[in-house]
Amino acid sequence: MGRLTVNLAGVTLQNPVMPASGTAAYGQQMAQQLDLNALGGLVIKSTTAEAKVGNPRPTTAPTTAGWLNAIGLKNPGIEAVLAEKLPWLATHYPDLPIIGSVAGASFEEYVTVAKKMATAANVKLLEINISCPNVDHGGLAFGTDPATVEALTRQIVTAVDKPVFMKLTPNVTDIVPIAAAAEAGGAAGLTMINTLTGMGIDLATRQPILAHGTGGLSGKAIHPLAVRMIHQVRQQTKLPIIGVGGVFTPADVLEFYLAGANAVQVGAATYGHPTACTDIIAGLPAEMDKYGIESLQQLVTEVQG
Ligand SMILES: Cc1cc2nc3c(=O)[nH]c(=O)nc-3n(C[C@H](O)[C@H](O)[C@H](O)COP(=O)(O)O)c2cc1C
């Protein structure tokens, strides 16, 4: 086992760093800029039952400390992902673990997409994006209500034979009961956090900087929030946690481990700079040396017991 090897619910990754959902699409463009085999894994864009065209532009805008985005789950739909995107990854990167990100507007859609996604041999874990609006309940995000999270987790876990990670939204008063609900529903792990709802307004046009109005804030501004939330949730669970939120450097990765994470995703940094993950992976051993950390597994044992 190497210094950087990690184990997530029985799935071994050669290192803990992977691009976050929505920032590497399905890997094809990224493959022109780096060797995907160097990644710990690849999280694909959240995928729905049918293709989605996304929101009107502009859908992303930089702010003083991070990106606002309202892409609107633009994706080709699960059938195209199964027929084209996942086979392309399996052919060109047969050893790359894929984390299949699932989204939906109803329980039924989540379960349908999760079942189909789980049939792909290279999808090793499912990650359920519960920041989506629940159309049956006035559009409130699934991930904001513990009872909904528990029931949704249970339905998905029952329907598939692969580990299910629930990706939590930070747009709640207290994330701890939401994490507990995912665990009660049978989740194999947690990914945290998704973006925080924000807004920017252009002084000249007096209009929001995103056509959608509000958008999700990602990047450096949200890193301390992610650290706090991972730390809080780690106090109450032994489930593996994939940390995400404002990771830009190897030091940010180690900070997430100290908070209680078991692996890390890189969103905004990847969006601005496609080689962010591989740069971080290359720098990790030297950063670990600085603090006398022999291996990430050793660090997990020290922090999590
Ligand atoms: C352009 C963009 C698109 C995103 N699309 C998705 C998505 O499809 N599904 C999802 O679960 N999260 C999505 N996210 C959220 C990221 O995966 C991540 O949780 C969030 O940005 C926080 O991490 P960061 O600060 O490293 O970006 C997206 C983020 C960005 C910036």
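Which residues lie nearest the centre of the largest pocket? They are Asn 69, Ser 131, Asn 194, Thr 195 and Gly 216, out of a lining of 50 residues. A pocket here is an open set of points on a 1 Å grid over the protein atoms alone, where a 1.4 Å probe fits, with protein on both sides within 12 Å along at least five of seven lines; lining residues have an atom within 4 Å of a point.

Before going on, note that this is a predicted model, where local features need pLDDT of at least 70, side-chain atom pairs count only at pLDDT 80 or more, and totals for chains, interfaces and linings use all residues. Residues are numbered from 1 along each chain as its sequence is written, and side-chain values use heavy atoms, with hydrogens and water left out.

Back to that pocket: it holds about 1,200 Å³ of space, counted as the space filled by probe spheres set on the points, which are joined across faces, edges and corners. Strand β12 (215-218) is one of the elements giving at least two lining residues, and so is helix α7 (268-272). The largest share, 3 residues, comes from β12. (Helices, H or I with at least four residues, and strands, E with at least two, are DSSP runs numbered from the N terminus.)

Now look at the second largest pocket, at about 650 Å³. Its lining has 23 residues, with Gly 22, Ala 25, Gln 29, Ile 71 and Tyr 271 nearest the centre.

Finally, find helices α6 (residues 250-259) and α9 (residues 296-304), whose axes sit 8 Å apart at an angle of about 35 degrees. Those axes are lines fitted to C-alpha atoms over the stretch in contact, and angles run from 0 to 180 degrees between N-to-C directions. Leu 254, Tyr 257 and Leu 258 of α6 meet Leu 296, Leu 299, Val 300 and Val 303 of α9, contact being heavy atoms within 4.5 Å.
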